[in-house]
Amino acid sequence: MLTSTLAALTGCNSMSPTVNSANHSTVKSVASTTSTLPAIQNNDLGDNVSADKFSTDKVSADYATADYDKRVQGYDWVGVMVRADGDRQIDIKVRSRSDIKKPTCHFDSKATLMGQDTAHGMIFQSKVNGSTAFFQFKDDSLIIDSPDKYALNYFCSGGGSLAGEYKKLAEGLEI
């Protein structure tokens with residue numbers, strides 16, 4: 001399940017589904033790229049994608065959309081504050097510009113660690129409006145995504161969405 005989730009998040013096209021044609025109740029995903037995923041190949045994640053070796057402190061930071069750097073010129077931006085809440089959980093707060101405009105996005109949630117590997121970084125998940133939101137942390141960036149894109153629109157006005165890429169900030173978010 002982790003492999004198919006990670007593939008869906010990053011657009012990997014190396015997944016090949018196999019279906020049990022007798023009753024169509026068994027669907028398995030087979031990854032053909034395990035040789036390029038050392039963490040999985042070396043069983044660093046364990047048989048059940050154990051995340052016991054990983055620390056949520058690695059992702060605790062503030063993140064923002066690209067326009068955050070242009071906020072002085074009046075550009076809209078969305079920021080994400082991520083804080084560790086135990087070894088396997090993070091607290092997420094999404095806020096948008098509120099200094100000169102009415103805020104367009106507001107979201108608070110907790111997300112649970114699914115796992116980590118070198119190809120995909122750390123993946124967390126949270127239930128959002130009857131769907132699942134994924135939070136992928138890799139290379140000083142955060143990608144928020146969901147199989148149901150509309151589930152992430154609910155928290156933003158004006159046609160906005162929480163889905164997208166956010167860059168890690170060197171300093172705290174200025175709301």
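Q: Is Lys138 buried, exposed or partly exposed?
A: In this predicted model, Lys138 is partly exposed, at 30% relative accessible area.

Q: And which residue does Lys138 form a salt bridge with?
A: That would be Asp139, with the closest N and O atoms 3.9 Å apart. Asp139 is exposed, with a relative accessible area of 65%.

Q: Switching topic, how many salt bridges does the count come to?
A: Ten.

Q: What about Asp91, which side chain does that one meet in a salt bridge?
A: Lys110, at 3.5 Å from N to O. The two sit in distant parts of the chain, 19 residues apart: Asp91 is in strand S5 (residues 89-96) and Lys110 is in strand S6 (residues 106-117).

Q: Asp91, buried or exposed?
A: Asp91 counts as buried, because its relative accessibility is 18% and the cut-off for buried is under 20%.

Q: Which residues are linked with Asp91 in a network of salt bridges?
A: Asp85, Lys93 and Lys110 are linked with Asp91 in that network.

Q: OK, now Arg95. Which side chain does Arg95 meet in a salt bridge?
A: Asp108, at 2.9 Å from N to O. This pair also links distant parts of the chain, with Arg95 in strand S5 and Asp108 in strand S6, 13 residues apart.

Q: How accessible is Asp108, and what about Arg95?
A: Asp108 counts as partly exposed at 41% relative accessibility, while Arg95 counts as buried at 17%.

Note on methods. Residues are numbered from 1 along each chain as its sequence is written. This is a predicted model: local features need pLDDT of at least 70, side-chain atom pairs count only at pLDDT 80 or more; totals for chains, interfaces and linings use all residues. Side-chain values use heavy atoms; hydrogens and water are left out. A salt bridge is a side-chain nitrogen of Lys or Arg within 4 Å of a carboxyl oxygen of Asp or Glu. Helices (H or I, at least four residues) and strands (E, at least two) are DSSP runs, numbered from the N terminus. Buried means under 20% relative accessible area, exposed over 50%, partly exposed in between (1.4 Å probe, protein chains only).
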